[in-house]
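This report covers a surface patch, the ligand site, selected residues and the salt bridges. The sequence and structure come first.

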Amino acid sequence: MQITALYPGTFDPITNGHLDIIQRASEMFHRIIVTVALNPSKSPLFSVEERIALISESVKHLPNVTVTSFSGLIVDYARQTGAKAIIRGLRAVSDFEYEFQMALMNYKLNNEVNTVFLMPNEKYTYLNSSIIRQLNQFEADVSEFVPPCVVSALELKLPRA
Ligand code: ADP
C-alpha cells in the first residue's frame with residue numbers, strides 16, 4: 001500500500017531535529033509532504049516563502065519529499081491530499097500531553113488519518129526552533145544544529161546584516 005504522510009509544523013526555521021524525523025519518515029512512507037502551518041497568531045522570524053525555500057533546500061536529496069503550506073485544519077488538508085498519516089516528532093515527556101490531545105482530536109475529526117510519532121536521535125531531543133532563534137540573536141554559532149542554508153539565512157536576519 002502506498003501511503004502519503006503529512007509532516008506539519010511551524011519550521012521557523014527547520015532544524016536538524018526536524019530533518020532527522022523527515023529522513024526516518026521518508027524511509028517508511030511512499031510520499032512525505034512537509035507542510036508549513038500558516039498560523040496568523042504567531043509572528044514568525046521567517047516568512048512562509050522563506051521557510052518553504054529553506055526546507056526544500058534541506059530535503060533536496062530525498063526524492064519522495066515535497067514541501068507545501070496549509071491553513072485551516074490538518075485533517076482537512078489530509079483529505080485534500082489523500083494523506084493517511086500525520087507525522088509528529090516526540091522529543092520528551094513534555095511533548096506528550098499536547099501531542100496526545102492533538103492526535104486524539106484529529107482522529108475524532110477524521111478517522112481515516114492516523115498520527116504516527118517518531119523519536120529523533122537522542123542528540124536532537126533538546127533542540128527546537130525557538131532556541132535556535134534565541135541563540136542567533138546573541139550571534140552564537142548554530143551550525144551544529146541546523147542545515148547550512150539555515151545558518152546563512154539566520155545571519156541575514158541579524159540587525160547588522
Ligand atoms: P509546532 O509549532 O507544530 O510544534 P514545530 O516546527 O516546532 O511545529 O515542530 C513540528 C514537529 O516537529 C512537531 O511534531 C515537533 O514535536 C517536531 N520536532 C521539533 N523539533 C524536533 C526535534 N529536535 N526532534 C524531533 N522532533 C522535533
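## Surface patch

Patches are made of residues with over 30% relative accessible area and no salt bridge, where like charges are joined within 9 Å and nonpolar side chains (Val, Leu, Ile, Met, Phe, Trp, Tyr) within 5 Å. Accessible areas come from the Shrake-Rupley method with a 1.4 Å probe, and for residues only the protein chains shown count as cover. A salt bridge is a side-chain nitrogen of Lys or Arg within 4 Å of a carboxyl oxygen of Asp or Glu.

One nonpolar surface patch consists of V93, F96, F100 and L104, with about 440 Å² of accessible area together. V93 belongs to helix α4 (residues 93-109); helices (H or I, at least four residues) and strands (E, at least two) are DSSP runs, numbered from the N terminus. With a relative accessible area of 74%, V93 is exposed. Exposed means over 50% relative accessible area, buried under 20%, and partly exposed in between (1.4 Å probe, protein chains only).

## Basis of the model

The model is predicted: local features need pLDDT of at least 70, side-chain atom pairs count only at pLDDT 80 or more, and totals for chains, interfaces and linings use all residues. Residues are numbered from 1 along each chain as its sequence is written, and side-chain values use heavy atoms, with hydrogens and water left out.

## Ligand site

There are 16 residues around the ligand, of which Y7, T10, G89, Y124 and L127 come nearest. A residue counts as near if one of its heavy atoms lies within 4 Å of the molecule or strand in question.

Polar contacts are pairs of N or O atoms within 3.5 Å; within protein, one must be able to donate a hydrogen and the other to accept it, and residues adjacent in sequence count only if both atoms are side-chain atoms. Y7 places a polar side-chain atom 2.6 Å from an oxygen atom of the ligand. For R88, an N or O atom in the side chain is 3.1 Å from a ligand oxygen atom. F11 uses a backbone N or O atom, 2.9 Å from an oxygen atom of the ligand. Of the 540 Å² of accessible area that the ligand has on its own, the protein covers 88%.

T15 sits in the loop between β1 (4-9) and α1 (16-28) and is buried, at a relative accessible area of 2%. Its side chain reaches the backbone nitrogen of G17 at 3.1 Å. Leaving aside neighbours within four places in sequence, T15 is in contact (heavy atoms within 4.5 Å) with residues including L127, N128, I132 and F145.

In helix α6 (residues 148-156), the buried residues are C149, V150, V151, A153 and L154. These buried residues pack against α2 (48-58) and α5 (129-137).

## Salt bridges

The count of salt bridges is 8. One of them joins R133 and D12, whose closest N and O atoms are 3.5 Å apart. R133 lies in helix α5 and D12 in the loop between β1 and α1, so this pair ties together parts that are 121 residues apart in sequence. R133 is partly exposed at 28%, while D12 is buried at 4%.

R24 and D20 form another, with closest N and O atoms 2.5 Å apart. They are 4 residues apart in helix α1 and therefore separated by about one helical turn. E57 and K60 also meet in a salt bridge (2.6 Å, N to O); E57 is partly exposed at 38% relative accessibility and K60 exposed at 60%.
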